[in-house]
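Please read the following note with the structure open beside it.

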Amino acid sequence: MSHRHPPFPAADHGAEQHPDDHYEEHYPVHPEPVEQFFEADLPSRRNRRPSKARQRRRRRRTIVMLIVVLGFVGVVVAVAMFLRSLLGVGEVTDYAGPGTGSVTFTVDAGAGPLLVGNGLEQQDIVASSDEFLNALSSVADGRVIQPGDYELKYQMSSEEAARALLADADAKVHYAAVARDLRQNEVFDILSESTGIPREEFAALAEDPTQFGIPEQSPSLEGYLYPGEYRFDLDVTATEVIQEMVDNTNAALEEAGVTDPAEQYRILTIASIVQAEAGQADYAQVAGAIMNRLGPNNTETNGLIQSDATVTYGLDRKSYNLTPEEKADTSNPYNTYANEGLPVGPIGSPSAEAIEAAVNPADVPYYYWVTVNLDSGETKFSETLAEHARYVAEYQAWCADNVGRCE
């Protein structure tokens, strides 16, 4: 049986009491407002630390938002860069001023404006090939850029570069490019075409080479028409043209240490054979093999050079093929299969490198050489005829695989 306690203590019969007084005595009423009660006795909701889980969720939301913002910015930047590249916005199309530093720029024979412009851009001489072509067309006034080496500057304006390259064109000249290993008659064709001088005038001068200081034993100007690029005055004569070329040959011989005219003639003859028989990488070795054949103790070929190039020169043709009868013909003064020693003179225009090889041949034990691949120029050397025969067979096999290349 439960007992219910009275809600209020027993009344004091000595005084009258109000029911509220009893409530206040057992349940004191605070005079402060309810809000103040909670603020005073309980932690504030505003000051309460969030839980760790809530903190993690907030961090994740922040990171996600940051990634989204950065991704958006990246897309905007990428699009801007693409449009900038597509439209050429901000690209340097031309430099300002005369440029800085120094650089040698070469214009090859036959190079047109587009090739020149691309070369200038690649060497950072101009900013844009297209801009250079525009500038060139506006200042050329009918002039063309001449082949040769030009001293320019880096980062020139297109107009400055165009004017610098056209400077030589102000002085009108005859331009002639003479390749190495050309024969006299081929050189005359080039000179006549370049200068407008009749070919017959050059041929007539060749009949008396001594007037140019060439040794008397020389039958022509062959070997003395130095290869290279030439710019002749518009009123140049055939005699002046030939004299300049002969002077250049003598200068190359003197540079190599050869000053005696008779020795110069001998060296030119050897150099012309080296030029015709070998690629530049093999000049010195071929020169050494020739010297071995010319040596007094040569029992391998007994003084015979045996050069196809000399024989075909005497036959006035260019070919790799010779018949046994042509090799045995002693009446050909250039036939080094039938006649011992050097031919009667040079067989073409040798370069300075070939002259240097003739003056300073390599010390090699070889007597034979053959180019086994006409495309690559690979040449093989040997000391004996048997070994040489194997290499000749290799050359013939290459010819069989490359029909028409060995004619």
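This is a predicted model: local features need pLDDT of at least 70, side-chain atom pairs count only at pLDDT 80 or more; totals for chains, interfaces and linings use all residues.

1. A disulfide is a pair of cysteine sulfur atoms within 2.5 Å. A search of the whole structure finds one such link. The bond joins Cys-399 to Cys-406, with an S to S distance of 2.0 Å. The link of Cys-399 and Cys-406 is left-handed, with -90 degrees about the S-S bond.

2. Residues are numbered from 1 along each chain as its sequence is written, and side-chain values use heavy atoms, with hydrogens and water left out.

3. Are Cys-399 and Cys-406 buried or exposed? Both are buried, where buried means under 20% relative accessible area, exposed over 50%, and partly exposed in between (1.4 Å probe, protein chains only).

4. Leu-253 lies in helix α9, residues 238–255; helices (H or I, at least four residues) and strands (E, at least two) are DSSP runs, numbered from the N terminus. Leu-253 counts as buried because its relative accessibility is 0%. Not counting residues up to four places away in sequence, Leu-253 touches Val-258, Gln-264, Ile-267, Leu-268 and Ile-355, contact meaning heavy atoms within 4.5 Å. Leu-253 and Glu-356 are 103 residues apart in sequence, and their C-alpha atoms are 8.2 Å apart in space.

5. The largest pocket has a volume of about 1100 Å³. On a 1 Å grid over the protein atoms alone, a pocket is an open set of points where a 1.4 Å probe fits, with protein on both sides within 12 Å along at least five of seven lines; lining residues have an atom within 4 Å of a point. Grid points are joined across faces, edges and corners, and a volume is the space filled by probe spheres set on the points.

6. Which residues lie nearest the centre of the largest pocket? They are Glu-277, Asp-308, Ala-309, Tyr-320 and Tyr-395, out of 32 lining residues. Helix α15 (385–401) is one of the elements that supply at least two lining residues each, and α15 gives the most, with five.

7. The second largest pocket has a volume of about 170 Å³. Its lining includes Arg-183, Glu-222, Tyr-313 and Arg-317. Helix α7, residues 184–195, gives the most to this lining, with three residues.
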